[in-house]
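Reader: I'm new to protein models. Could you walk me through how to read one?

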Amino acid sequence: DLQHARVINGLPPGWFNQWVKTPLHPGVVAVLNYRFAHWARGVRVPIVRLVLIVLTVILRRVIEVVTGVEISSRAQIGPGLVVHTTHGVFIAETRIGRNCVVQHGVAITHGVRSVGDNVYFGPGAKVIGRAAIGNNVRVVANSVVMTDVSDDLTVVGDASQTIYSFTGATASYLIDFPRLRTDAVVVRRGSAGATARPGSPPPP
């Protein structure tokens, strides 16, 4: 967590940056608090577990108020979680892979089945319902995911509407897409494939 957070936050290598400056970042504090609370739930000695859980509940509430980040201690999250910008972040009980990066205003709500490895959530992104997100996915700012997303995709817009899949399309082309605000645009990585003109139906 600390090494990935240092890189994401743009700090150069070094003992001081990784072990002093990085842990003081509000997003890192929230992640470390989650790690402690999740570990406490697994302590086998009942009386010790009870004391630790009470302590984590108090600590969690304080950190939530200060950072605006709420992460369920029941969530199963792999190493490398980074909350890059804080406030308005909510991660419910779900399974998340390695090296997930979260910006402010992100909500991964109750019922979400899983999030894969190397997933980036832009500011204001939401995952709702029984959705599952694959590996190497980028969810652009203010996008809403309500359906499953395969590996190696970039999601733009409101996924509750029709989903368009563009193979080989570029991000610059999608900026001018006329229905960007109402339809989800999913960009599939690759050097070749079908594309669509603005206003035309999605490729087969």
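Author: Helices here are DSSP runs (H or I, at least four residues), strands are E runs of at least two, and both are numbered from the N terminus. One caution: this is a predicted model, where local features need pLDDT of at least 70, side-chain atom pairs count only at pLDDT 80 or more, and totals for chains, interfaces and linings use all residues. Residues are numbered from 1 along each chain as its sequence is written, and side-chain values use heavy atoms, leaving out hydrogens and water.

Reader: At what angle do the axes of α3 and α4 cross?

Author: Axes are lines fitted to C-alpha atoms, for helices over the stretch in contact, and angles run from 0 to 180 degrees between N-to-C directions. Here α3 (residues 26-41) and α4 (residues 46-67) cross at roughly 160°, and their axes come within 9 Å. That makes the two helices roughly antiparallel (over 145 degrees; under 35 is roughly parallel, 65 to 115 roughly perpendicular, the rest oblique).

Reader: Which residues of α3 and α4 make the contact?

Author: Contact means heavy atoms within 4.5 Å. On the α3 side you'll find, among them, V29, F36 and W39, while α4 brings residues including L52, L59 and I63.

Reader: Now, is T94 buried or exposed?

Author: Buried means under 20% relative accessible area, exposed means over 50%, and partly exposed is in between (1.4 Å probe, protein chains only). T94 has 7% relative accessibility, so T94 counts as buried. You'll find T94 in the loop between β4 (89-91) and β5 (95-96).

Reader: What does the side chain of T94 reach?

Author: A polar contact is a pair of N or O atoms within 3.5 Å; within protein, one must be able to donate a hydrogen and the other to accept it, and residues adjacent in sequence count only if both atoms are side-chain atoms. The T94 side chain reaches the backbone oxygen of V112 at 2.7 Å. Along the sequence, T94 and V112 sit 18 residues apart, yet their C-alpha atoms are 6.2 Å apart in space.

Reader: And where is R35?

Author: R35 is in helix α3, and at 23% relative accessibility it counts as partly exposed. Beyond four places in sequence, R35 has contacts including D1, I77 and L81.
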